[in-house]
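Welcome! Try each task yourself before reading on.

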Amino acid sequence: MKNYLQTPIYKKSEEIFETLKAITGLFPADDSILIDLKGQLLGDAMLIQAKLAGALAVKLYDIKMENATLIRKAARDLMVSYHTLKMLGFEDVEYYQIIRTQIEEFRLLFVEWVAAFNNKNFITDTWGLFNPPGIAHDYKQQDEELDFLDEDDEGTDTDF
């Protein structure tokens, strides 16, 4: 099985983090609002990496979808932060367009990655949020539907 650190989607998340670190390094040290925002921005980038690692390490559809949801939210928050930086008068805001381009590249990898989730590898989500299409929150699984838990990890989504 391929190491998740070598997947294109994870590598793109690292690229976003490194670029963001460089841009936020330009924030004036005496601007407490920008310094607080720096923590949020880097936190979102780190969350993307942590949730990717978690999703790439499991078979369960519901866990993958839950992590994908958090990744999407963090990426969207990063995307719209350009407007916040502009509003706050960050003088090098034009560099943030690099982040927006990288997030768009990440989004394309993300769409392909999520589409490859095996929706047969699930345990019913009784909350009803992350069940595969057509599976209700009160769906009663048969034992044989859980046989995938005993299989090896061949064919996981670590190519993304």
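**Exercise 1: the whole chain**

What percentage of the 160 residues in the protein chain do buried residues make up?

*Solution.* Keep in mind that this is a predicted model. To count as buried, a residue needs under 20% relative accessible area. Buried residues make up 39% of the 160 residues in the protein chain.

**Exercise 2: elements and dimensions**

Find how many helices and strands the protein chain has, and in what order its elements run.

*Solution.* Begin with the count: the chain has 4 helices and 0 strands. Next, read from the N terminus on, and the order is α-α-α-α. For the dimensions, take the principal axes: the C-alpha atoms fill a box of roughly 60 × 35 × 20 Å. Finally, look at contacts between residues at least 6 apart in sequence: 69% of them join residues at least 24 apart.

**Exercise 3: a residue in a helix**

Locate N67, decide whether N67 is buried or exposed, and list its contacts beyond its sequence neighbours.

*Solution.* First, the place: N67 sits in helix α3, which covers residues 61–87. Second, the accessibility: N67 counts as buried because its relative accessibility is 8%, and the cut-off for buried is under 20%. Third, the contacts: setting aside neighbours within four places in sequence, N67 touches K51, G54 and A55.

**Exercise 4: a nonpolar patch**

Which residues form a nonpolar patch on the surface, and where does L26 lie?

*Solution.* The patch consists of L26, Y95 and I98, which together have about 270 Å² of accessible area. Of these residues, take L26: its place is in the loop between α1 (8–24) and α2 (32–56). With a relative accessibility of 41%, L26 counts as partly exposed. That class lies between the cut-offs of 20% and 50%.

**Exercise 5: charges**

Name the residues of the negative surface patch, then work out where D150 lies and why D150 counts as exposed.

*Solution.* The patch is formed by D143, E144, D147, D150 and E151. Following the chain, D150 comes in the segment after α4 (96–115). D150 counts as exposed because its relative accessibility is 70%, and exposed means over 50%.

Terms used. Residues are numbered from 1 along each chain as its sequence is written. This is a predicted model: local features need pLDDT of at least 70, side-chain atom pairs count only at pLDDT 80 or more; totals for chains, interfaces and linings use all residues. Side-chain values use heavy atoms; hydrogens and water are left out. Patches are made of residues with over 30% relative accessible area and no salt bridge: like charges are joined within 9 Å, nonpolar side chains (Val, Leu, Ile, Met, Phe, Trp, Tyr) within 5 Å. Accessible areas come from the Shrake-Rupley method with a 1.4 Å probe; for residues, only the protein chains shown count as cover. A salt bridge is a side-chain nitrogen of Lys or Arg within 4 Å of a carboxyl oxygen of Asp or Glu. Lys and Arg count as positive and Asp and Glu as negative; His and the chain ends are not counted. The place of a charge is taken as NZ of Lys, CZ of Arg, CG of Asp or CD of Glu. Helices (H or I, at least four residues) and strands (E, at least two) are DSSP runs, numbered from the N terminus. Buried means under 20% relative accessible area, exposed over 50%, partly exposed in between (1.4 Å probe, protein chains only). Contact means heavy atoms within 4.5 Å.
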